Amino acid sequence: LDHTAGELRSDAVTGRVRVGIPDEYARTILPGVISRFTQAHPRVEVSVRCGFSTDFPALLERGELDLAVHAVERRDENAICLREEKTVWATSSRHLAHERRPLPVALFDRACWWRERAVEALEASGLRYHVAFSSESVNGVRAAIEAGAAIGLLGESSLGDGLRVLTAEEGFPHVPSSELVLDHRGAGSKAAMAMRQAIMDAFA
């Protein structure tokens with residue numbers, strides 16, 4: 001234990017690591033990652049970007065991020081699967097937005113595979129709907145659903161109190177699961193590798 005403590009105090013990892021984390025994990029996973037990483041590697045500067053995760057692949061390609069956590073339909077060779085996530089239609093547990101017709105729907109306000117998946121499923125189901133709310137963040141879409149302004153498509157881990165899942169028996173179409181991945185293309189520095197392990201440990 002004394003040897004390990006000495007190694008931590010004299011940690012040789014330096015530099016900077018830039019990480020993208022979806023906003024829905026900013027209050028749950030992120031604080032633990034930062035706490036453990038900065039204690040183990042106090043000489044590394046950590047830069048975190050929380051926001052709309054569909055932007056992260058482009059930021060990685062341009063070299064503006066070293067690592068990013070984001071949801072994908074299909075994982076590529078650069079990505080490590082952190083978890084498979086069931087995708088569900090959600091409504092407020094206290095309101096009846098799901099019974100209104102046309103159906104009020106909350107969507108992301110940018111062109112992305114998540115929005116496209118929701119629209120394609122609704123069109124295939126034959127449900128009459130209209131876009132009642134849009135936001136660039138999961139937290140924004142979730143807030144609209146919880147308030148009873150609309151129903152929406154969410155990852156199961158984003159549900160929480162105040163929301164419930166709409167089932168096929170209620171007439172809502174099945175949507176395939178997605179994968180939450182850690183994308184680390186080009187992240188070869190010691191600081192990036194250490195952060196990659198810290199994120200994997202947090203989701204383990």
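**Close-up views of a predicted model**

**View 1. Helix H6 and its buried residues.** In H6, the buried residues are Ala 191, Ala 192, Ala 194, Met 195, Arg 196, Ala 198, Ile 199 and Phe 203; buried means under 20% relative accessible area, exposed over 50%, and partly exposed in between, with a 1.4 Å probe and protein chains only. This is a predicted model in which local features need pLDDT of at least 70 and side-chain atom pairs count only at pLDDT 80 or more, while totals for chains, interfaces and linings use all residues. Residues are numbered from 1 along each chain as its sequence is written, and side-chain values use heavy atoms, with hydrogens and water left out. Helices (H or I, at least four residues) and strands (E, at least two) are DSSP runs numbered from the N terminus. The cover over the buried residues of H6 includes strands E1 (15–22), E2 (44–51), E3 (67–72), E4 (79–85) and E10 (178–183), together with helix H2 (30–40); contact here means heavy atoms within 4.5 Å.

**View 2. The length of H6.** Helix H6 has 14 residues (residues 190–203), which at 1.5 Å a residue should span 20 Å. The expected span is 1.5 Å times one less than the number of residues. The end C-alpha atoms of H6 are 20 Å apart, which agrees.

**View 3. The buried face of helix H2.** Leu 30, Val 33, Phe 37 and Ala 40 are buried in H2. Seen down the axis of H2, these buried residues fall within an arc of 115°, so they line one face of the helix. The arc is that of the directions from the helix axis to the C-beta atoms. An α-helix has 3.6 residues a turn, so residues three or four places apart point the same way.

View 4. Arg 16 forms a salt bridge with Glu 45, and their closest N and O atoms are 3.6 Å apart. A salt bridge is a side-chain nitrogen of Lys or Arg within 4 Å of a carboxyl oxygen of Asp or Glu. Arg 16 lies in strand E1 and Glu 45 in strand E2, so the pair ties together parts that are 29 residues apart in sequence. Arg 16 is partly exposed, at 47% relative accessible area, and Glu 45 is partly exposed, at 47%.

**View 5. Further salt bridges.** The count of salt bridges comes to 7. Arg 62 pairs with Glu 64 in a salt bridge, the closest N and O atoms being 2.8 Å apart; Arg 62 is exposed at 54% relative accessibility, whereas Glu 64 is partly exposed at 37%.
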